[in-house]
Amino acid sequence: DLESHLQRCQQLSVTVLTDHQDLNNTELRTILNSTAPQQYRIRAKLRTYKPQKLYQSVKLHCSKCNSLREVPDGDDFDLILQGSEVTTPNPELHNTSWYDSVMWTTPDQKQRKIAIHFVKHDEMLQQPEDTLLMIEGGTLKEVWKLTKRFKCVIPVRSTEENLELLDLSAPFLLQGNIKYYGCKQCSTPKPIKGLSSIAAEQRPSWEPTEIAQVLGIEPLQYVFIMKFTLIDGTGALNAYLFDY
């Protein structure tokens with residue numbers, strides 16, 4: 001893996017870090033005193049790299065405002081879901097022309113009210129592997145169970161007039177084991193009923209980008225970022241790796 005590879009790089013006395021075999025080696029001191037952009041070939045030691053843990057290299061990036069955000073962990077999502085339990089599903093928003101609703105009360109002490117809304121196509125429910133559904137009042141465990149069976153899951157809550165997305169700290173969509181997030185700064189969330197336009201398509205594919213567009217979400221992309229500090233005795237150069 002990359003982590004053990006980087007450790008091996010640190011153990012080597014000299015490591016060739018770039019290609020360009022047609023170029024002569026250039027000292028880091030010369031590069032630091034040059035104006036960009038230029039192309040160089042270097043020989044250098046890897047002094048340090050950050051972050052130390054590989055999973056910390058994955059961030060969420062907004063291509064519109066260029067902001068970076070940490071990937072929330074499961075506990076953050078769970079807390080948001082627990083907060084949404086306070087709002088009882090509004091029965092007046094159930095069973096519309098474009099989704100069927102099921103509501104029940106959990107048998108435990110909390111007696112939580114859970115509502116699931118199955119989006120229809122041509123007034124029919126699709127096969128589970130093609131279905132998008134919305135859930136109100138579910139726990140993290142319940143949400144993950146649904147993602148294993150259905151194509152797309154959107155956590156929502158009721159207002160007096162509409163279903164709406166949760167706080168954008170939570171994913172606006174879950175598909176398989178992937179959580180999709182929106183940029184808080186660049187998104188202007190729209191009513192959930194915008195999804196009915198996708199449901200009306202000839203073959204609804206429920207693509208995350210299309211879902212984000214009708215919901216007014218500027219999607220964040222997962223990016224991989226690392227910082228390397230290179231030395232060769234004449235200077236130290238920071239090199240950054242950024243990739244989707």
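Good morning. I begin with T229, a residue of strand β13, which spans residues 221–231. The model before you is a predicted one.

Is T229 buried or exposed? Its relative accessibility is 8%, and because buried means under 20%, T229 counts as buried. The side chain of T229 forms a polar contact of 3.0 Å with that of N238. Leaving aside residues up to four places away in sequence, T229 touches K45, L46, R47 and T48, together with A236, L237 and N238.

I turn now to helix α3, residues 74–84. At its N-terminal end the helix is capped by D73, which places a side-chain oxygen 3.2 Å from the backbone nitrogen of D75. Which residues of α3 are buried? They are F77, I80, L81 and S84. Viewed down the helix axis, these buried residues fall within an arc of 100°, so they line one face of α3. An α-helix has 3.6 residues a turn, so residues three or four places apart point the same way. The face turned away from the buried side carries the exposed residues D75 and L79. The buried residues pack against α4 (140–149), β9, β11 (173–175) and β12 (178–180).

Finally, the nonpolar cores. The largest has 24 residues, and M134, I154, L195 and I211 have the most contacts inside it. Two or more residues come from each of β8 (132–136), β9 (152–158), β10 (163–165), α5 (195–199) and α6 (208–214). Beyond four places in sequence, L195 touches several residues, including W98, M134, I154 and I211. A second, separate core of 16 residues includes L81, V143, V153 and A170; L81 is also one of the buried residues of α3. Thank you.

Conventions:
Residues are numbered from 1 along each chain as its sequence is written. This is a predicted model: local features need pLDDT of at least 70, side-chain atom pairs count only at pLDDT 80 or more; totals for chains, interfaces and linings use all residues. Side-chain values use heavy atoms; hydrogens and water are left out. A nonpolar core is a set of buried Ala, Val, Leu, Ile, Met, Phe, Trp, Tyr and Cys residues joined through side-chain atoms within 4.5 Å. Buried means under 20% relative accessible area, exposed over 50%, partly exposed in between (1.4 Å probe, protein chains only). Helices (H or I, at least four residues) and strands (E, at least two) are DSSP runs, numbered from the N terminus. Contact means heavy atoms within 4.5 Å. A polar contact is a pair of N or O atoms within 3.5 Å; within protein, one must be able to donate a hydrogen and the other to accept it, and residues adjacent in sequence count only if both atoms are side-chain atoms. The arc is that of the directions from the helix axis to the C-beta atoms.
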